[in-house]
Amino acid sequence: MTPRQYVLACMMLLLAWATPVITAHAAAPDQTNRLWRLAAQEQERLEQRGVVLYDASLSSYLQTVAERLWEQVSSDLGAPIVKVVMDPRMQAYAFPNGYCFLSTGILNRIENEDQLAMILAHEMVHYARQHTAALYDHFQMASHGTGLPYADQSHAAGKVAMKQKIDAAEHQADDEGLAILKAAGYCETEVLSLMSNLLNYLLDQGASEAVGRLESRIKTMKTRIGQTEDSVSCKSPTHGNPGIFLNRIAPALMANAQAAITCGDWNQADQSISKFLALKPDDARAHYLKGETLRRRNDGSGKNQCIGSYLKALKIDPEFPSAHRALGELHFKAGRFQTAESYFEAFLSLAPQDDAREFIKGYLRQCRD
Amino acid sequence: MPGLTINRSVIAVWVVATLMLTACAGPWNKAPDQLREPPWSITSPEGWMQLSTQESEMLSKDGPYLEYILIQSRSLAQGFRFTNQKLEPDMLPHEAAQVIADNMRSDPLIRQLKWLASEPAMVGGHAGFRLIYSYQDPYGVKIKTIYYGVILPDQFFNLRYTAAHRYYFDKELPAFNQAFDSLRFGMDSKRDSERIPRRLSVRSKDTEHQAGGVSGLTENRFSSIR
């Protein structure tokens with residue numbers, strides 16, 4: 001990562017929903033161009049890492065919610081484009097060029113469309129107000145030591161000023177985001193549940209500084225929610241039926257389970273896959289991932305349970321190769337070679353090109369020896 | 001031979017390497033003929049330099065940005081940088097390879113990660129695994145790695161060869177293969193059979209060649225991915 005990309009990445013993190021960012025302040029056009037170029041590079045980096053989730057129905061749903069909100073925003077900028085990144089951490093960030101990224105981790109935590117709308121509305125304000133551009137401008141001036149009142153003062157003073165700008169931007173995104181949410185017919189009372197959910201996540205992560213900032217924002221939000229007559233008129237399409245919402249984001253739940261397994265975040269993997277299975281109990285891959293979570297967390301209790309999950313996957317889809325492989329490995333390790341052999345044979349016939357094939361061929365030879 | 005032509009991109013790699021070396025100049029010494037860090041020992045490639053750290057031994061000829069061999073023996077309890085998964089003493093080679101691969105996949109600085117091979121391998125006479133992968137580093141340089149790993153009774157041993165894909169990887173591959181072939185563990189190999197139901201090393205000669213005969217295997221493997 002180049003230093004400029006690093007600065008951009010830092011700013012995107014600061015602008016993320018769960019952690020706080022700057023007052024609206026238009027950067028010079030050449031700065032803006034440079035920033036947009038950096039944003040495009042950063043997005044390319046995400047694409048090249050292979051972590052962007054492509055699911056047509058999910059993308060279409062998220063875009064519909066974003067456009068409904070964007071209709072309430074007065075801006076000459078184009079409508080934001082929402083993308084999902086496979087990452088179990090709770091993140092949402094808006095790039096200055098209008099691309100808004102939600103992590104599967106944050107989608108896993110959201111309970112309904114109203115909460116999703118608040119996150120998108122908040123990020124939209126960052127985009128519409130070009131907060132990142134203003135912050136970037138501020139960074140540039142600070143690094144050149146010009147144009148800022150504290151330029152000749154200590155580094156600490158600069159940090160304090162930056163923090164104030166960040167907090168101001170967050171409060172503006174909260175305020176204006178709430179107004180957009182209400183104008184679009186979403187239920188503002190859901191915002192406090194969302195923020196409390198985020199707070200619990202930050203507490204779990206031990207992010208004490210971010211916790212303090214979020215608590216301050218929650219306090220402000222509490223004074224603003226329920227103050228107007230229209231605050232109870234929730235007209236969102238899925239209000240009162242979170243099942244519809246969960247069905248629409250189901251692909252993100254599955255992707256989050258897989259991403260959480262990769263990161264070794266077993267609790268989140270279990271939570272995502274359980275949510276998914278409650279919606280789609282006949283999905284073989286979901287049962288397989290449940291089994292993977294139980295097996296790979298290796299806490300002693302899940303070893304037998306995982307066999308049940310793999311067998312369920314095979315009952316639903318007898319030709320699901322990974323479940324055959326996993327069961328074969330479990331029986332092989334337990335010394336039940338005959339049973340393992342049949343699973344390994346099934347795996348190799350169903351997935352002859354699978355990356356694990358050479359390992360399985362080796363185990364199979366040992367079963368036959 | 002196009003691979004041996006020093007062109008502009010190779011020069012660029014050299015410039016970056018020089019900057020990197022200047023930045024992280026450390027106590028590099030001439031590598032001893034025989035590198036020993038019980039329980040393992042290895043014959044160093046001739047003329048290479050060695051950097052010893054608490055965690056690992058690194059060998060390099062032209063500088064670590066261009067190519068290096070890293071040898072590491074770590075406690076099974078030690079965590080990974082990018083995943084909370086843990087290695088367990090009873091893991092099969094494939095399961096251990098999955099943990100290493102997941103840690104690589106979770107590295108945010110790696111781009112265009114491609115898995116070129118994932119297979120069983122004999123590592124110093126023990127049943128382990130071999131991964132081959134390529135990726136782009138943060139400077140946009142394509143890097144290629146051969147990673148051997150094996151779970152020993154109480155530790156995880158790994159040995160990898162990483163080099164700039166263009167020119168350097170193939171150039172020093174024979175030196176790495178020689179070093180790998182010289183790897184020995186000074187421990188009782190019976191313990192391996194206690195860990196898993198049957199040892200992967202108990203196999204026909206044909207299989208032994210496929211899993212452990214690195215030179216032959218490397219020939220075939222690399223002719224297809226060059």
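The exercises below work through a predicted model with chains A and B.

**Exercise 1. Find which residues of chain A have pLDDT under 50, and say how they should be read.**

Step 1. Over chain A the average pLDDT is 86, and 85% of the residues score at least 70.
Step 2. In residues 18-26 of chain A, pLDDT stays under 50.
Step 3. The model has 44 contacts beyond four places in sequence for residues 18-26 of chain A.
Step 4. Where pLDDT is low, the predicted coordinates should not be read in detail.

**Exercise 2. Work out the order of the strands in the open sheet of 4 strands in chain A, and which of them stand at the edges.**

Step 1. The order of this open sheet is E1-E2-E4-E3 in chain A, and the pairing is mixed.
Step 2. Strands E1 (52-53) and E3 (92-94) of chain A each have a single partner strand, so they stand at the edges and one side of each is left without a neighbour in the sheet.
Step 3. The partner of E1(A) is strand E2 (residues 81-85) of chain A; 2 bridges join them, and they run antiparallel.
Step 4. Within this pairing, A:Val52 is opposite A:Val85.
Step 5. Helix H5 (residues 113-128) of chain A lies across E2, E3 and strand E4 (99-103) of chain A, and it runs at about 30° to E3(A).

**Exercise 3. Trace the strands that pair with E4 (residues 49-52) of chain B.**

Step 1. As background, chain B contains 6 helices and 11 strands.
Step 2. Strand E1 (residues 29-30) of chain B is joined to E4(B) by 2 bridges, and the two run antiparallel.
Step 3. B:Asn29 has B:Gln50 in E4(B) as its bridge partner.
Step 4. E4(B) also pairs with strand E5 (residues 56-60) of chain B, in the antiparallel sense, over 4 bridges.

**Exercise 4. Describe the open sheet of 3 strands in chain B.**

Step 1. Its order is E2-E3-E11, with antiparallel pairing.
Step 2. Strands E2 (34-37) and E11 (184-185) of chain B are the edge strands, each pairing on one side only.
Step 3. Strand E3 (residues 40-43) of chain B is joined to E11(B) by 2 bridges, and B:Ser41 has B:Arg184 as its bridge partner there.

**Exercise 5. Characterise the side of chain B that touches chain A.**

Step 1. In the contact between the chains, 27 residues of chain B meet 22 residues of chain A.
Step 2. Helix H2 (93-105), strand E7 (111-123) and helix H5 (205-212) of chain B each supply at least two residues of this side.
Step 3. E7(B) gives the most, with 6 residues.
Step 4. By class, this side of chain B has 11 nonpolar, 8 polar and 8 charged residues.

**Exercise 6. Check the span of H2(B), and find what covers its buried residues.**

Step 1. H2(B) has 13 residues, so at 1.5 Å a residue it should span 18 Å.
Step 2. The end C-alpha atoms of H2(B) are 18 Å apart, which agrees.
Step 3. Buried residues of H2(B) include B:Pro93, B:His94, B:Glu95 and B:Ile100.
Step 4. The cover over the buried residues of H2(B) includes helix H17 (357-368) of chain A, along with E7, strand E8 (126-136) and strand E9 (142-151) of chain B.
Step 5. For chain B as a whole, buried residues make up 37% of the 226 residues.

Conventions
Residues are numbered from 1 along each chain as its sequence is written. Chains are lettered from A and ligands numbered from 1 in the order in which they are written. This is a predicted model: local features need pLDDT of at least 70, side-chain atom pairs count only at pLDDT 80 or more; totals for chains, interfaces and linings use all residues. pLDDT is the predictor's confidence in each residue, from 0 to 100. Two residues are in contact if their C-beta atoms, placed from the backbone, lie within 7 Å. Two strands pair if DSSP finds at least two bridges between them. Axes are lines fitted to C-alpha atoms, for helices over the stretch in contact, and angles run from 0 to 180 degrees between N-to-C directions. A residue is buried if 20 or more other C-beta atoms lie within 10 Å of its own, exposed if 12 or fewer, and partly exposed in between; C-beta atoms are placed from the backbone. Ala, Val, Leu, Ile, Met, Phe, Trp, Tyr, Cys and Pro count as nonpolar, Asp, Glu, Lys and Arg as charged, and the others, Gly among them, as polar. The expected span of a helix is 1.5 Å times one less than its number of residues.
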